[in-house]
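Hi,

Here is the model we talked about. Please load it before you read on; my notes follow below.

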Amino acid sequence: MKSVRVFAPASVGNIGPGFDVLGMALAGMGDTVAAVRRPEPGVSITEITGDRGRLSYKAEENTAGISAQAVLDHLVCREGVSLTLHKGVPGTGLGSSAASAVAAAYAVNLLFGEKLSKADLVPLAAVAESQVSRGFFLDNIGPSMMGGVTWNNPFTKEVVSLGRIEKAIIVVAIPDFPLLTKESRRVLPGMIPMEHFISNMAYASMIAWAVAKKDAARFGRSIQDRVAEAARAPLIKGFEDVKKGALSAGALGCSISGAGASIFAVTDDPKRAEKIGRAMEKAFQGHQVVSEIRITRMDRLGARMIK
Ligand SMILES: Nc1ncnc2c1ncn2[C@@H]1O[C@H](COP(=O)(O)OP(=O)(O)O)[C@@H](O)[C@H]1O
Ligand SMILES: N[C@@H](CCOP(=O)(O)O)C(=O)O
């Protein structure tokens, strides 16, 4: 194979209580990487679109380039690749840096004989994420690679696909201001009260159960985070009101998506989803924040080759 195009979906890190451990892929938004083999070693990025001119073309500064190089190194390739990147993840907190890293890693693996599995590629792509986010976590890389909801252990680098709840509807409110993951990780507490730990552990394990049983209602009601949300809420103008708005409009649960600034809510009722989206948008407006609302579901496939 000389050239390939790969899509990798956006994702919601943490899914509320599962800090750095649980993540879910979102349908209908993500990054596309086209990769071409070339005889010279290394990685070059020749075109980036959809990023409003914000991202670096230097391979060592772009998660697509860092991740592609990590896979080339792992495969001990003498050849290199040239990449084009189309960004399709709106806003921050939706695994944007991870989607590029996943798409590039998956593409390079396909170009060089598909020797690695998705699980093998996860820690390689995560090298890129850790360089831009000041933390090693797999809760965006995992779902973007595998689709659905994933569980991971960042210490052992194990990632497991937990499945997908077809009926769960995810409403995402994306404010027009960015919040960098590295800034949002800085405010996290070094120590947490035992009861917050127990609460998060209870809800996070229920999320895993709910996904296994495809129980959208239990899944939504388990979006309860007592660890990161309170520390990060002040960084997201309007967060408390957006969450209140979503819950009053009937959302089963609502929390910060990844490190923010996006906020997500869950419902199992398509009619209610529109109402929840409008309530979230209105609450942001009350704080003079313009937001974009996306109503979506869990992505099924994760990284895949496209035409
Ligand atoms: N391909 C890429 N896509 C998105 N961000 C990238 C990419 N390559 C490097 N970056 C950098 O990574 C950081 C991404 O910010 P982050 O808060 O992690 O976003 P997100 O939460 O959406 O992944 C920014 O500093 C950005 O310049
Ligand atoms: N577990 C991480 C997830 C970061 O997600 P992102 O989409 O904001 O990069 C965290 O909460 O810091």
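How far apart do the C-alpha centres of domain 1 and domain 2 lie? They are 24 Å apart. Domain 1 covers 3-163 and domain 2 covers 169-297. The contact between them draws 30 residues from domain 1 and 37 residues from domain 2.

This is a predicted model. The average pLDDT of the chain is 97, and 100% of the residues score at least 70. For the complex, the predictor gives an ipTM of 0.97 and a pTM of 0.96.

**Annotated stretch**

UniProt, in an unreviewed entry, places the feature "domain: GHMP kinase N-terminal" at residues 69-148. Over those residues the chain is 55% helix and 9% strand. The end C-alpha atoms of the stretch are 26 Å apart.

**Helix H3**

H3 runs over residues 118-133. At 1.5 Å a residue, its 16 residues should span 22 Å. H3 does have a kink, though: about 25 degrees, centred on Val 127.

Which residues of H3 are buried? They are Leu 121, Val 122, Leu 124, Ala 125, Ala 126, Ala 128, Glu 129 and Ser 133. Note that Glu 129 is on that list. The cover over these buried residues includes helix H1 (63-74), helix H2 (96-111), helix H4 (141-146) and helix H5 (181-186). Strand S6 (158-163) is also part of the cover. Just after H3, Arg 134 takes a positive phi of about 55 degrees.

**Backbone points to check**

Most residues other than glycine have a negative phi, and most peptide bonds are trans. These spots are worth a look with that in mind.

- Asp 20 has a positive phi of about 65 degrees and is not a glycine. Asp 20 sits in the loop between strand S1 (3-13) and strand S2 (22-38). Its relative accessible area is 9%, so Asp 20 counts as buried, the cut-off being under 20%.
- Arg 52 also has a positive phi, near 50 degrees. Its place is the loop between strand S3 (42-49) and H1. Arg 52 is exposed, because its relative accessible area of 72% is over 50%.
- Gly 260 and Ala 261 are joined by a cis peptide bond, with omega about 10 degrees. Ala 261 lies in the loop between strand S8 (253-256) and strand S9 (263-267).

Best wishes

Technical notes: Residues numbered from 1 in each chain as written. Chains lettered and ligands numbered in written order. Predicted model: local features only at pLDDT ≥ 70, side-chain atom pairs only at ≥ 80, totals over all residues. Heavy atoms only, no water. UniProt positions renumbered as here; feature names shortened; annotations may be inferred. Helix = DSSP H or I, 4+ residues; strand = E, 2+ residues; numbered from the N terminus. Expected span 1.5 Å × (residues − 1). Bend = angle between axes of the 7 residues up to and from the residue. Buried < 20%, exposed > 50% of the residue type's maximum accessible area, 1.4 Å probe, protein only. Contact = heavy atoms within 4.5 Å. pLDDT = per-residue confidence, 0-100. Domains from an automatic or database assignment.
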